[in-house]
Amino acid sequence: MSNITIDQLHMALCEANSIMLTVHVRPDGDAIGSMLAFYEALVGQGKTVYMAVDDIVPEKYSFLTYADHIHDVAYFEENPVSVDMLMVLDASTYERIGKIGALHSAPIFNIDHHISNTQFADYLYLKSDFAATGEIITDLCKNWNWPITESMANALYMAIATDCGFFKFSNTTANTLAMAALCVEQGARPHIISERIEAVSAERLELTKSVMQTISFHKDNTVATIELDPIAMAILKDDTDGFVDIIRNVDTVDIAILLKGESHDRTRVSLRSKRTDVNAIAQQFGGGGHIRAAGCTITGDIEEAKKQLLEVIG
Ligand code: 5GP
Ligand code: MN
């Protein structure tokens, strides 16, 4: 593994003719927005580019240009392609790209902003003080004078905004706002993106009413938990955005925990905090992320996961 500079990254991209882009499983707004924008940027540079994700792409991102060009592993197994570079965006570990890694033997490049990055790639461009991978991609386009089209601007604005809670979270910096402003200058429409991303169905809101009943407080109300059982997870089709935000704003709460029951012996966890290093907590369970937003998977049902987490928090 070697860390590369912006010039080395530029040179490598100039030399590559064909590139496969990928992102982490259970892709979020930053992953999808960064990939779609970088796809368009690289096609604009005359490259042959493919986009692969080893997961379902949530329907709410389908309004973005080129979202229908994203394919899964089965597609590339049936239609194999040979590339000069596998470019991994927004993923901090090799496992998080699922089976995409096994599709190629090309050198792996990684553009990422996770402090927990395991340095799995052959070449890493890591900016852990950036709020979003979309912020990095916008910065790269600006530095290299690569045009930011209107569709790229919308994808990048969405990527940046979703990873910093629409400019509310502590990862929001002057540069985050400057890169978002550049996107708006290039045609991004903030209100349209908010409407698309934050739209909820009546069914989802009905479910939220019962999910609210699962909220519980611990450790003098400094820790709050909220639960999605496997039935709720099935109804939500894995789109759990927003649930942890219901409890993170409680005035006494430092650590907010969303427990996502995948089965009776597997619980995925989303951690958010105002003070505590939740990346360190997630890493104790083999996960990671950022200091104030991290995730992991725990063997056991929701109750077991909650017990183990509260023990580790101490
Ligand atoms: P979320 O709770 O929104 O799924 O994730 C919060 C942050 O933690 C994101 O930056 C995400 O990439 C990271 N994260 C979530 N789950 C995992 C995990 O299982 N492993 C690692 N390394 N990072 C994770
Ligand atoms: Mn991200």
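Residues are numbered from 1 along each chain as its sequence is written, and chains are lettered from A. In this predicted model, local features need pLDDT of at least 70, and side-chain atom pairs count only at pLDDT 80 or more.

Helices (H or I, at least four residues) and strands (E, at least two) are DSSP runs, numbered from the N terminus. Two strands pair if DSSP finds at least two bridges between them.

An open sheet of mixed pairing is formed by 6 strands, in the order β8-β9-β10-β11-β13-β12. Its edge strands, β8 and β12, each pair on one side only. β8 runs antiparallel to β9, and 3 bridges join the two. H218 has V223 in β9 as its bridge partner.

| Element | Residues |
|---|---|
| Strand β8 | 216-218 |
| Strand β12 | 288-289 |
| Strand β9 | 223-228 |

Helix α12 (residues 302-313) lies across β8, β9, β10, β11 and β13, and runs at about 150 degrees to β10. Axes are lines fitted to C-alpha atoms, for helices over the stretch in contact, and angles run from 0 to 180 degrees between N-to-C directions. Contact means heavy atoms within 4.5 Å.

Helices α2 (residues 29-44) and α5 (residues 150-163) pack at an angle of about 155 degrees, their axes 8 Å apart. The two helices are therefore roughly antiparallel to each other (an angle over 145 degrees). Residues in this contact include G33 and L36 of α2, and A155 and M158 of α5. The contact residues divide into 8 nonpolar, 5 polar and 3 charged. Ala, Val, Leu, Ile, Met, Phe, Trp, Tyr, Cys and Pro count as nonpolar, Asp, Glu, Lys and Arg as charged, and the others, Gly among them, as polar.

Definitions and conventions:
Heavy atoms only, no water. Parallel < 35°, antiparallel > 145°, perpendicular 65-115°, else oblique.
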